[in-house]
Amino acid sequence: TEDVLSGAAFLFVNRTKTIAKVLLWDRTGWCVVGKRLERGRFEFSKEELSIRELELLFDGISRKNRVRSL
């Protein structure tokens, strides 16, 4: 388990995967960031996400639709 005061962010998604909220402690208090999708669903399969993967998730970019540039 993570220490909630360590700077770790915690992602919560509703059952239908249309609403996501991130909870984190920023040394001065709790921050909650949320996003509700008008269409589609949040897609992720990992228990731990990097900051970049979290950004992509909130931008609506799914891992399976991503194209690598060379």
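Which residues does A20 touch, not counting residues up to four places away in sequence? In this predicted model, local features need pLDDT of at least 70 and side-chain atom pairs count only at pLDDT 80 or more, while totals for chains, interfaces and linings use all residues. Residues are numbered from 1 along each chain as its sequence is written, and side-chain values use heavy atoms, with hydrogens and water left out. With contact defined as heavy atoms within 4.5 Å, A20 touches L11, F12, V13, V33, G34, K35, F42 and F58.

A20 also belongs to the largest nonpolar core, whose seven residues are A20, V22, L37, F42, L54, L57 and F58. Such a core is a set of buried Ala, Val, Leu, Ile, Met, Phe, Trp, Tyr and Cys residues joined through side-chain atoms within 4.5 Å. Buried denotes under 20% relative accessible area, exposed over 50%, and partly exposed in between (1.4 Å probe, protein chains only). At least two residues of this core come from each of β2 (19-25) and α1 (51-59), and α1 gives the most, with three. Helices (H or I, at least four residues) and strands (E, at least two) are DSSP runs, numbered from the N terminus.

Helix α1 also holds E53, which counts as buried because its relative accessibility is 15%. A polar atom of the E53 side chain lies 2.8 Å from the backbone nitrogen of S50.

R41, in the loop between β3 (30-36) and α1, is exposed, since its relative accessible area is 53%. Leaving aside neighbours within four places in sequence, R41 contacts T16, K17 and T18. The R41 side chain reaches the backbone oxygen of T16 at 2.5 Å. The C-alpha atoms of R41 and T18 are separated by 5.0 Å, although these residues are 23 residues apart along the chain.

Terms used:
A polar contact is a pair of N or O atoms within 3.5 Å; within protein, one must be able to donate a hydrogen and the other to accept it, and residues adjacent in sequence count only if both atoms are side-chain atoms.
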